[in-house]
Amino acid sequence: MEVIVFIAAAADSVSVTPGWDRVAAGETRRLGEVPAANVGDALERMTVVDGGIRLVTERAALLGNALTVDVRSGDNLAVHRALDEARPGDVLVVNGHGDTTRALIGDLIGEIMVNAGLAGAVVDGAVRDVQALSGMGLTVYARAVTPAGPFKEGPGTVGAPVAVGGVVVAAGDVLVGDADGVVVVPRRRAREVAGAVDGIVAKEAALRSRILAARPGDEAAVR
């Protein structure tokens, strides 16, 4: 197999799933216009990534199709290989098996992500160079931050379903994130969920109006 772009490492130990479908941006736009919590509510709160995976960059808006990667703990060879499969608007979703001792993504991978048009990354593991990643405009969620770098030996897989933050993510699923965290929208349900969030937003707005109306004092009620 050819050398992976930008690093001199053989990728024989990394398997790549044949091409997968992505959800068109027009079908997912509404999901990025409401809080991630509302999207999670539309999914009966079943596919919300656990709170241990937190926003580590300054940009707190994420919307895109999952580019899934499974790696051996502390090894990011498969992440490099995955970037060869990336399309604009993708989100790297990396099952780092919760290992927080070595960063799987840093500023150099971040630069390649920018070149490829990726929106960001969700890593069940650690990352580094978070200030630089913020400067690139990427949205990155991770379980930890550490300056320790990774190995590049493999094995790994690209494009197969992965477990991240207690949720199974398939390639092409939609990732929605904000300052609260990340929600996974299964690809087959993207249109349904996008249509359901308006009702949830309206219901919350009505309840909020009732709460504010019951607040003592006219001045407080109109805030």
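## Fold, core and one exposed arginine

Student: S6, helix H5 and S7 form a β-α-β unit; what is its handedness?

Tutor: Bear in mind that this is a predicted model. The unit is built from strand S6 (residues 120–127), helix H5 (residues 130–135) and then S7. The two strands pair in the parallel sense over six bridges, and Thr-139 in S7 is the bridge partner of Gly-120. The handedness of this β-α-β unit is right-handed.

Student: Which residue of S7 does Leu-55 stand opposite?

Tutor: Strand S2 (residues 54–55) is joined to S7 by two bridges, and these strands run antiparallel. Within that pairing, the residue of S7 that stands opposite Leu-55 is Tyr-141.

Student: How many of the seven residues of strand S7 are buried?

Tutor: Buried here requires a relative accessible area under 20%. Strand S7 spans residues 139–145 and is largely enclosed by the rest of the structure, because the number of its seven residues that are buried is five.

Student: Which residues touch the most other members of the largest nonpolar core?

Tutor: That core has 31 residues, and strand S3 (62–71), helix H3 (77–82), strand S4 (90–95), strand S5 (103–105), helix H4 (107–116), S6 and S7 each supply at least two of its residues. Apart from it lies another core, of 16 residues, including Val-23 and Val-176. In the largest core, the residues touching the most other members are Val-69, Val-79, Leu-92, Val-94, Ile-105, Met-113 and Val-123.

Student: Leaving aside neighbours within four places in sequence, with which residues is Val-123 in contact?

Tutor: Val-123 belongs to the largest nonpolar core. With neighbours within four places in sequence set aside, its contacts are Ile-53, Val-94, Leu-104, Ile-105, Tyr-141, Ala-142 and Arg-143.

Student: Is Arg-191 buried or exposed, and which side chain does a polar contact of 3.1 Å join to that of Arg-191?

Tutor: Arg-191 lies in helix H6 (residues 190–213). Exposed requires a relative accessibility over 50%, so Arg-191, at 60%, counts as exposed. The side chain joined to that of Arg-191 by the polar contact of 3.1 Å is that of Glu-27.

Student: What is the radius of gyration of the protein?

Tutor: The protein contains seven helices and twelve strands, and its C-alpha atoms fill a box of roughly 70 × 35 × 30 Å along the principal axes. For 223 residues the globule rule gives 17 Å, and the computed value is close to this, so the protein is as compact as a globular protein of that length. The radius of gyration is 19 Å.

Technical notes: Residues are numbered from 1 along each chain as its sequence is written. This is a predicted model: local features need pLDDT of at least 70, side-chain atom pairs count only at pLDDT 80 or more; totals for chains, interfaces and linings use all residues. Side-chain values use heavy atoms; hydrogens and water are left out. Buried means under 20% relative accessible area, exposed over 50%, partly exposed in between (1.4 Å probe, protein chains only). Helices (H or I, at least four residues) and strands (E, at least two) are DSSP runs, numbered from the N terminus. Two strands pair if DSSP finds at least two bridges between them. A crossover is right-handed if, with the strands pointing away from the viewer, the path from the first strand over the helix to the second runs clockwise. A nonpolar core is a set of buried Ala, Val, Leu, Ile, Met, Phe, Trp, Tyr and Cys residues joined through side-chain atoms within 4.5 Å. Contact means heavy atoms within 4.5 Å. A polar contact is a pair of N or O atoms within 3.5 Å; within protein, one must be able to donate a hydrogen and the other to accept it, and residues adjacent in sequence count only if both atoms are side-chain atoms. The radius of gyration is taken over C-alpha atoms; the globule rule is 2.2 Å times the number of residues to the power 0.38.
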